[in-house]
Amino acid sequence: MGVAGVLGGRRPLTCAPVAVLALQCAVETEVGRRENNEDTAFASPRLAVVADGVGGAASGEVASRAVVNALISLDTSRPSGPLDVELLNAVTRGNDTVRFIAACHPEHTGMSTTLTAVALDDDGQYVVVNVGDSRTYLYRDRELRQLTRDDSLVQELIDQGALSAGEARHHPQRSVVLVAVDGRARLEPRLFSLEALAGDRLLLCSDGLSDALQDSAIAATMALSGRQECARSLVAQALAAGGSDNITVIVADVAGENGGSRWRPAH
Ligand code: MG
């Protein structure tokens, strides 16, 4: 932002556009060796979402789409309250929709979905919400950090010291999630905020990626300069590793942009 000068010790008003952070996203999804792709993803300059549906037939797909659609509504209307509250409300609406669809269509009974989502607020913070074992990673200063914690059986066993992270990758029950968006009441998603910086790169992914690739391979790939190249390479490596699950990734570069991506008017 340019400021013309200081007059009489007071900073003058300026009409220069304010640079706010925005996500520049590459999205890749692959059905892998499954018949259906039950993952759903959405990306915009201020919101990135990955959901991994669970259920027989097309039900997992129905659940993941319902929840992602609930979050997309945030991106198409102006929030009336703080972004973290709005995000939680959107997850609750998605959960309610999963319950409603299952009640109306018994063939979808028992469907559920994971969810990982990042929204950029106007004050330069990531607001992250997570349910299940889809993940959000932050790549900053050439270091990869997993921001989210899995709600999974193997994560519990790791926390208890009964399993190593390496063993968890091959555990027969590695896909068992302990919490999911499944239409039940009292869903309490993990939600937190942290400072966003221009130059950050985020990775949101379903477990089809994180089960297939070690963190070291993910970190090496996140160092690639092009985000589209990075996203494609991550999926290609996961496929080559022989995983049988759907694979979805969003690689989001965080950049300063003038105007455009605010949740509320700049003035
Ligand atoms: Mg999966």
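The crossing of helices H1 and H2 is right-handed, a term used when the near helix is turned clockwise from the far one by less than a right angle, left-handed being the anticlockwise case. Helix H1 covers residues 59-75 and helix H2 residues 83-104; they pack at an angle of about 145 degrees with axes 8 Å apart. Here the axes are lines fitted to C-alpha atoms over the stretch in contact, and angles run from 0 to 180 degrees between N-to-C directions. On the H1 side, the contact is made by Val62, Ala63, Ala66, Val67, Ala70, Leu71, Ser73 and Leu74. H2 contributes Glu86, Leu87, Ala90, Val91, Arg93, Gly94, Thr97, Val98 and Ile101, where contact means heavy atoms within 4.5 Å. These residues divide into 12 nonpolar, 3 polar and 2 charged, with Gly counted among the polar ones.

Before we go on, a word about the model. It is a predicted one, in which local features need pLDDT of at least 70 and side-chain atom pairs count only at pLDDT 80 or more, while totals for chains, interfaces and linings use all residues. Residues are numbered from 1 along each chain as its sequence is written, and side-chain values use heavy atoms, with hydrogens and water left out.

Stepping back to the whole protein chain, you will find 7 helices and 11 strands, taken as DSSP runs (H or I, at least four residues, for helices; E, at least two, for strands) and numbered from the N terminus. Of its 267 residues, 45% count as buried, that is, under 20% relative accessible area with a 1.4 Å probe, against over 50% for exposed and in between for partly exposed. Among contacts between residues at least 6 apart in sequence, 69% join residues at least 24 apart.

Now let us visit two loops. Threonine 114 sits between strand E4 (112-113) and strand E5 (115-120). Because its relative accessibility is 1%, threonine 114 counts as buried. Its side chain makes a polar contact with that of serine 134 at 2.6 Å (N or O atoms within 3.5 Å, one able to donate a hydrogen and the other to accept it). Beyond residues up to four places away in sequence, threonine 114 touches Val50, Ala51, Asp52, Val131, Gly132, Asp133, Ser134 and Val177.

Leucine 178 lies in the loop between helix H4 (165-170) and strand E9 (190-195). With a relative accessible area of 47%, leucine 178 is partly exposed. Leaving aside neighbours within four places in sequence, leucine 178 is in contact with Asp151, Ser152, Leu153 and Glu156.
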